[in-house]
Amino acid sequence: MAKVEKRIINVNVKNIREFNLPYWEVDSGREGPCFLLTAALHGCEVIGCDVMRRFLPVAARDLVRGKILLLPFSNPPAVWNRRHNLYSSPSEPKGFGKDNINGAWPGKADGHEVEQIAFIINEKLVKESTHNIDMHCWSRFNVACAVPDDESKQVEFAMAAALPAVHVISRGPAAKREYYTLSGYFNATDRLSFSMEFSGQYMLSERESELGVRMLSNCSRYIGIFDGDPEGTDEPSIFFNHETPRAEVKAPAGGLFVENGLKPGDIVARGDLLGILFMDDSLDTLEIKAPEPGMLYSYGCHRRMADVDLAAQHPYADKDGLLATIIPTVRRT
Ligand SMILES: [Zn+2]
């Protein structure tokens with residue numbers, strides 16, 4: 001068994017009451033990588049907190065080399081607000097204002113609130129770490145997804161997670177920016193890291209927590225701090241960037257989209273029934289079928305950033321409203 005210690009960083013930043021940033025350090029007592037796990041940098045994205053709670057005993061049992069640092073609540077003031085950022089108001093989708101910690105790395109000792117929090121986490125944990133997974137959440141209408149930068153070693157690390165989806169993004173030349181996302185900062189300082197999105201903000205989910213624990217075990221095996229091979233790599237998955245063809249299923253007319261019991265991540269064949277459109281101006285119904293085979297990357301009638309607003313989650317589709325997105329699956333290996 002590796003040694004587990006709870007440590008506490010006391011945080012005092014301007015405009016916020018003093019608070020603790022507790023973390024667990026799991027130490028094998030042997031040389032090796034230092035793997036930092038972060039979650040809840042955004043206050044409505046809490047699945048990763050539960051994933052770390054469940055992963056701690058696994059890490060204590062399976063760690064054979066190096067160290068793991070687990071920081072479940074990386075930005076408590078945003079969690080207390082129960083919304084994306086420190087000062088997000090009701091129904092306000094994620095913004096990139098000064099209170100969004102995503103763009104604040106590596107932080108600033110005398111900066112604004114989230115720059116100060118980032119600075120403290122950087123000094124205490126990020127500096128000594130060689131690897132990182134930064135756990136976020138997006139709308140429950142999208143499947144869980146690793147989001148690595150478009151660089152082969154970062155993509156390979158993200159593939160090892162065996163999440164249903166990998167979305168490769170090009171952020172442009174990393175070294176030239178003043179501020180980064182946390183994983184962008186790891187990448188810019190030549191360390192392996194990816195950010196990922198669980199399915200579901202403002203909520204916890206058994207299925208997502210299980211995927212998360214498996215992701216952390218798999219990535220620990222990939223970097224050699226656990227023994228053994230990653231699991232789940234033979235499951236159907238999608239791997240895409242902005243150019244990958246996809247079938248966007250849209251409402252041919254206005255109406256209520258009555259779902260057919262599917263969920264993001266389900267595999268559909270061409271012609272499978274996705275749901276029924278019940279039209280308000282004629283009371284006619286239309287069957288909505290999958291035009292292509294693949295994985296449901298998104299499913300359900302919703303507007304962008306629907307998870308912050310019940311009206312945006314309303315199942316009434318305008319003509320051309322998006323009902324589902326289907327992406328062809330690939331073999332991982
Ligand atoms: Zn986030």
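**View 1. Buried residues of helix H3 in the predicted model.** In helix H3, the buried residues are Glu 113, Val 114, Glu 115, Gln 116, Ile 117, Ala 118, Phe 119, Ile 121, Leu 125 and Val 126. The structure shown is a predicted model. Because ten of the 14 residues of H3 are buried, this helix is largely enclosed by the rest of the structure. From its first C-alpha to its last, H3 reaches 18 Å, which is close to the 20 Å expected at 1.5 Å a residue.

**View 2. The largest nonpolar core.** This core has 90 residues, and Leu 37 and Leu 163 are those with the most contacts inside it. Helix H3 (residues 113-126) gives the most to the core, contributing seven residues. At least three residues of the core come from each of domain 1 (3-222) and domain 2 (247-327). In soluble globular proteins, nonpolar side chains tend to be buried together.

**View 3. The surroundings of Leu 37.** Not counting residues up to four places away in sequence, Leu 37 touches Met 52, Ile 68, Leu 69, Leu 70, Leu 71, Ile 133 and Leu 216.

**View 4. The contact between the two domains.** The protein is divided into domain 1 (3-222) and domain 2 (247-327). Taken over C-alpha atoms, the centres of domain 1 and domain 2 are separated by 32 Å. Contacts join 13 residues of domain 1 to 14 residues of domain 2. The side of domain 1 that touches domain 2 comprises six nonpolar, five polar and two charged residues.

Note on methods. Residues numbered from 1 in each chain as written. Predicted model: local features only at pLDDT ≥ 70, side-chain atom pairs only at ≥ 80, totals over all residues. Core = buried A, V, L, I, M, F, W, Y, C linked by C-beta atoms within 7 Å. Buried ≥ 20, exposed ≤ 12 C-beta atoms within 10 Å, placed from the backbone. Helix = DSSP H or I, 4+ residues; strand = E, 2+ residues; numbered from the N terminus. Domains from an automatic or database assignment. Contact = placed C-beta atoms within 7 Å. Expected span 1.5 Å × (residues − 1). Nonpolar A, V, L, I, M, F, W, Y, C, P; charged D, E, K, R; others polar.
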